[in-house]
Amino acid sequence: MRGFLATSIGVAVSTALALPLAPPSGDSKTPPPPAAETPGVPGSTRSLPLAPQPTGRTVAPPSEHGRFERRVAPFSMAGVVWDDPGAELHGTVEIRTRATATRLWSGWQSVETHNHEHGADPDTPESRSARGSTAPLWVGRSDGVEVRVRPERGAPRPLPRGLRLELVDPGDGSGAVRAPANRQAAGRPGMPAPDALPEQAAAKPYIGPRPKIVTRKGWKASESLRERGFVYSKTVKAAFVHHSATGNGYTCKQAPSVLRGIYRYHVVSSGWRDIGYNFAVDKCGNVYEGRAGGVTKAVRGAHTLGFNTNSMGIAVLGSYGRSNPPAAAVTGVARLTAWKLGLFKGNPQGKVTLTSGGSGKYAKGRKVRFNVISGHRDGFYTECPGARLYGRLGTARKASAGYQGRV
């Protein structure tokens with residue numbers, strides 16, 4: 001397993017972190033050794049250690065934080081990682097950044113800290129090489145940053161060891177692709193060309209038309225970043241819908257950059273073998289290939305802890321706890337599931353039984369009944385895919401069944 005972690009640069013970064021006096025309890029896994037940037041791969045990841053913010057006492061109490069301003073090399077996505085993927089960050093992470101275009105600082109933005117439910121199933125090679133991490137936050141091109149991490153009042157455990165700020169520059173993707181050539185067709189203005197296979201009519205009963213899919217080559221994924229080889233399930237019984245929790249401040253033209261940022265964060269910062277999601281859908285309804293291995297195949301992702309086998313994960317780019325998902329995004333989910341589930345005889349309005357690999361919500365080995373199109377929260381104690389998107393899954397199921405010709 002390639003456990004990537006970019007080396008730290010000699011640039012100070014503004015941090016504010018309140019740490020407890022007691023060391024973390026319990027055994028801590030030894031993380032994979034850091035790896036340098038891969039030569040020739042566009043973009044970059046800078047990993048900067050977070051340290052206690054000193055005051056008149058040894059460490060600051062949980063109610064205090066510091067603020068510092070420093071200049072860093074440009075980046076567009078940020079998050080926080082730590083050594084042990086089994087340790088949860090019981091606290092808050094807030095980031096503010098300075099835009100390169102305006103030189104103005106943003107307000108404090110909250111980062112989703114409960115991210116361990118996204119990832120490979122327990123006791124798999126991919127899970128053993130991973131690190132703990134928050135969700136990444138898309139901030140746009142920036143060259144200044146401040147971050148503050150605070151433990152919850154009365155938290156059951158101290159903050160995890162080895163906290164580091166990850167600053168991700170997704171690059172422009174130039175020269176990034178090392179993949180077989182494929183035919184390309186014109187897409188939306190400003191968008192990369194989608195997969196050229198046509199939107200054919202259903203060749204078999206209940207297989208929806210194939211939607212236009214922006215391939216990994218289309219969004220300029222750096223194939224040398226990920227681990228070589230692929231892992232497959234036997235079938236695809238269910239689709240778990242997620243939101244990326246990266247924020248809504250992106251344009252559809254920027255969506256490929258957001259994907260490159262998530263991909264780099266998952267592989268380089270979090271230690272995964274590839275991007276975790278099988279597919280992504282942006283706010284305009286454009287569909288993107290996620291984890292490599294073939295869009296028609298049962299590629300095993302790292303998206304729904306305990307239920308990655310025989311399922312696929314679809315991330316709607318954005319945060320939909322308080323914001324309504326665009327109708328185009330819901331339609332994109334419906335079109336994608338009508339086709340992909342149809343290839344495996346899945347009924348979007350049906351039910352299916354999956355066996356848990358151990359999720360916290362369901363013990364390992366337990367058989368669980370799901371909707372064929374489910375939200376991440378159905379398999380784990382999480383807010384994902386956000387209350388507003390979760391509330392639209394019924395609409396997506398009905399539309400998906402319609403595209404299959406069932407209704």
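## Close-up views of a predicted model

**View 1. Helix 3, end to end.** At 1.5 Å a residue, the 17 residues of helix 3 (residues 327-343) should span 24 Å, and the 25 Å between its end C-alpha atoms agrees with that. The model is predicted, so please read this and every other view as computed. Helix 3 is mostly covered, with 12 of its 17 residues buried. Just after helix 3, K345 has a positive phi of about 60 degrees.

**View 2. Strand 2 and its partner, strand 8.** Here strand 2 (residues 44-49) is largely enclosed by the rest of the structure, because five of its six residues are buried. Strand 2 pairs with strand 8 (residues 164-169) in the antiparallel sense, over six bridges.

**View 3. The disulfide between C252 and C284.** One disulfide turns up in a search of the whole structure. It joins C252 to C284, with an S to S distance of 2.1 Å. The link is right-handed, with 95 degrees about the S-S bond. This pair connects distant parts of the chain, 32 residues apart: C252 sits in the loop between strand 10 (238-243) and helix 2 (255-269), and C284 in the loop between strand 11 (279-281) and strand 12 (287-289). C252 is buried at 11% relative accessible area, whereas C284 counts as partly exposed at 26%.

**View 4. Another cysteine, C384.** With a relative accessible area of 3%, C384 is buried.

Definitions and conventions
Residues are numbered from 1 along each chain as its sequence is written. This is a predicted model: local features need pLDDT of at least 70, side-chain atom pairs count only at pLDDT 80 or more; totals for chains, interfaces and linings use all residues. Side-chain values use heavy atoms; hydrogens and water are left out. Buried means under 20% relative accessible area, exposed over 50%, partly exposed in between (1.4 Å probe, protein chains only). Helices (H or I, at least four residues) and strands (E, at least two) are DSSP runs, numbered from the N terminus. Two strands pair if DSSP finds at least two bridges between them. The expected span of a helix is 1.5 Å times one less than its number of residues. A disulfide is a pair of cysteine sulfur atoms within 2.5 Å.
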